[in-house]
Amino acid sequence: MQSKENINITQLIQKNSAIQQVVSNISNELVARREHKPALCKVFLNEFTKTVETDDYKFDIHVEAKKRLPDIIVNKVRVLEGLSSADDSLIKKYCKKRNIGIVFSGGPAPGGHNVIAGLYDAAKKANPESSVYGFLLGPDGIIENECVELTDDIVNAYRNLGGFGMIKTGRTKIDSKEKMSLSKETCRKLELDALIIVGGDDSNTNAAFLAQEMYKDGVQIIGVPKTIDGDIQVRDAKGTVLCAISFGFHTAALSFANSISNLCTDSSSDVKYWHICKVMGRVASHLALEVALQTHPNITLIGEDLANYVDIRRLEKAKQEGTTDYTAFGMTLRHLSRVICDGIVRRGAVGKNFGVIVIPEGVLEFINEIQVFIIKLNTIIAKYNSTHDTDFHSDFPVLEDKLEYLRRLAKTAREEGTFTIWNTRDDDLFNDVPAFFQEGLLTERDSHGNFQFSQVETDKVLMGLVKDYLKILKEKGRYKIGISRDSFNKTLEKGNLDPLLIGPVLFNNFGEDFLIVKDSITSIKTLNQALIRDEIIREGDKIPGPVEKIYKKSIPSFKTQLHFYGYDGRGNDPSGFDCVYGYNLGLTAFSLIANGATGQMAAIKNLEKAFEKWEPIGIPIAPLMRIEERKGKMELVLEKTIVDVNAPCFNIVKELREKWLGAYPGDDDYRKPGPVRFIEKCEENRPLTFVLNELAKEE
Ligand code: FBP
């Protein structure tokens with residue numbers, strides 16, 4: 001039953017339009033975003049565009065791509081050119097009434113709604129009679145013919161807004177004859193002239209196969225590079241950058257960076273936590289690298305860098321013994337935990353028992369021992385699924401059942417003495433892994449056969465090892481909090497004690513700015529012994545209060561807070577860069593359709609340069625395909641780009657690592673990028689990784 005006061009409040013809301021406005025879901029930001037008109041690339045200031053094929057860019061074509069995608073492998077890069085007027089035949093072709101479908105595929109990425117808006121505006125401008133259909137819930141919408149015809153109202157409600165809410169998304173792969181023929185059927189029923197697939201590497205792979213399959217039907221298929229991971233980057237065989245980044249990357253990176261820079265502020269204020277920030281990016285560490293440039297955390301791991309690691313000490317030792325130690329190549333989890341501990345201990349020595357660590361979600365991909373598990377388990381699960389009517393995860397729903405199955409595989413290998421993918425050694429090593437991590441490594445692969453790193457608690461695994469090793473270092477007296485000389489002097493003088501007398505007894509490095517308690521003093525007992533040995537106190541005397549206080553201050557307690565940055569940044573409203581980029585990609589997609597292209601990816605060249613230099617182009621997808629292992633099989637897929645450890649932006653981060661670690665007295669070098677903005681001048685208006693690579697080129 002409603003109380004009288006409640007009824008009054010209900011009436012108040014109903015009567016008062018100002019209150020209604022305050023409590024409505026229409027914020028000022030939303031209104032401003034919906035009304036905002038993204039800038040247009042120069043070519044789109046013209047009434048029409050044409051595309052010109054160019055031989056300026058060549059690709060190393062994979063023989064399998066040539067075999068399986070014969071009709072679209074011959075595609076060339078198309079450059080868009082503006083036309084202020086056109087002859088009748090061009091107008092007829094350009095402005096013909098079309099039915100165009102569009103679908104989002106894979107994880108959301110900020111800027112996607114603007115791709116639709118750009119496509120819709122261009123299609124309607126060319127011919128108001130044209131229809132644009134949005135397929136619902138990803139590729140399933142194409143397979144099942146679930147779509148909505150887009151209208152001004154629908155499109156206007158989502159302009160410059162994040163997420164993929166307008167038509168939603170999904171991860172289904174069109175990978176069977178049946179799904180392909182249902183998709184063709186949908187295109188036929190809707191009389192589609194063209195279909196735009198907005199997605200990552202796997203979705204653009206889908207686009208290439210659909211383009212080949214529908215080539216003879218005349219349905220044009222165009223891909224659009226989407227993924228916050230930033231791993232769709234296209235270069236030609238000479239290394240010329242044709243697409244520097246997918247849309248969504250900039251916003252996600254900036255959104256993570258804003259939150260992480262706030263943690264830098266918190267951590268250096270409260271001085272008691274290490275904030276451990278896992279950052280999305282299924283395989284490549286592009287997002288972690290950009291976040292590092294934006295915020296300067298104390299430690300940032302870059303997966304690709306770890307894979308390149310060579311343990312020189314091990315190699316030299318082996319060389320002296322006349323052998324080669326192959327385990328010296330690549331980083332192990334244990335060694336990585338030691339590297340992190342080294343940074344923590346060194347900061348502790350200057351009194352900083354706090355900090356921020358950035359861990360890329362896909363870091364395990366670059367750790368040899370884990371990669372071996374991932375590949376072996378991928379193959380085992382794929383083989384099981386292909387030889388049974390059911391599937392591995394339904395047959396073995398709980399961890400113990402899965403482990404039992406693996407145990408049986410190892411037993412068979414042992415008893416039959418045959419070579420199998422899972423042997424006793426694998427089983428023993430796997431049993432040493434904590435249960436939550438075993439569970440993560442056995443997690444179900446996505447429909448494209450990708451290992452789902454976002455489901456694995458990488459940070460927890462790594463920090464578990466870090467904590468164990470710090471404990472050992474603490475016991476050995478090698479992990480101590482440095483005491484500032486001033487604070488030591490004041491504390492002792494307050495207690496009428498002579499710092500000059502006690503300092504050399506307590507510290508390794510008396511005289512320096514930050515004083516480190518001797519390794520041998522690791523407890524009140526050993527402190528007492530040291531004071532007696534140096535005749536500061538006698539047997540049976542109490543330890544002087546100020547000395548005990550200083551000792552206690554030097555004992556570290558390692559406290560962490562774990563954070564995961566992924567889904568939040570993926571759902572952020574787009575930055576100015578992604579608003580403009582997404583919208584112009586939509587316009588590019590339409591131009592490619594209107595000019596008869598298929599099997600092309602809409603892209604913008606020169607993204608890394610000033611906006612005036614942006615050049616919309618079409619990139620042929622088929623020549624970008626490579627062979628990769630998926631679900632235990634070798635498949636033709638669009639090649640992913642991982643972080644180039646020779647690029648200037650990475651080398652600059654490497655150079656500044658020591659500075660950002662901040663193992664020196666005084667303030668850390670944290671940087672504040674601020675929140676994601678879409679029109680304000682203060683926004684970081686393009687990824688810093690670009691800016692640095694460009695500046696280095698000018699040198
Ligand atoms: P896309 O490649 O589809 O853009 O997705 C990227 C991503 O956000 C990764 O960073 C992350 O590992 C993954 O999606 C998470 O997937 P899910 O949404 O299925 O949890």
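Predicted model: local features only at pLDDT ≥ 70, side-chain atom pairs only at ≥ 80, totals over all residues.
A polar contact here is a pair of N or O atoms within 3.5 Å; inside the protein, one atom must be able to donate a hydrogen and the other to accept it, and residues adjacent in sequence count only if both atoms are side-chain atoms.

View 1. Residues are numbered from 1 along each chain as its sequence is written, and side-chain values use heavy atoms, with hydrogens and water left out. Look at D229: an N or O atom of its side chain sits 2.6 Å from an oxygen atom of the ligand. The side chain of E361 does likewise, with an N or O atom 2.7 Å from a ligand oxygen. G281 uses its backbone instead, placing an N or O atom 3.4 Å from an oxygen atom of the ligand. On its own the ligand exposes 480 Å², and the protein buries 89% of that (Shrake-Rupley areas with a 1.4 Å probe; for residues, only the protein chains shown count as cover).

**View 2. Y384 against Y405.** This pair belongs to a set of 22 aromatic pairs in the structure. Rings of Phe, Tyr and Trp (its six-membered ring) pair if their centres lie within 6.5 Å, and planes under 30 degrees apart count as stacked, over 60 as edge-to-face and the rest as tilted. The ring centres of Y384 and Y405 are 5.4 Å apart with the planes at 85°, so this one is edge-to-face. Y384 sits in helix α16 (residues 368-387) and Y405 in helix α18 (residues 399-416), so the pair ties together parts that are 21 residues apart in sequence. Helices (H or I, at least four residues) and strands (E, at least two) are DSSP runs, numbered from the N terminus. Both tyrosines, Y384 and Y405, are buried (under 20% relative accessible area; exposed is over 50%, partly exposed in between, with a 1.4 Å probe and protein chains only).

**View 3. F488 against F510.** With ring centres 6.0 Å apart and planes at 80°, F488 and F510 make an edge-to-face pair. F488 is in helix α22 (residues 485-494) and F510 in the loop between α23 (499-506) and β14 (514-515), a link across 22 residues. F488 is buried at 0% relative accessible area, whereas F510 is partly exposed at 28%.

**View 4. Two positive phi values.** K168, in the loop between α8 (152-156) and α9 (177-189), has a positive phi near 60° without being a glycine. At 44% relative accessibility, K168 is partly exposed. N496 isn't a glycine either, yet its phi is about 55°. N496 lies in the loop between α22 and α23 and is exposed, at 71% relative accessibility.
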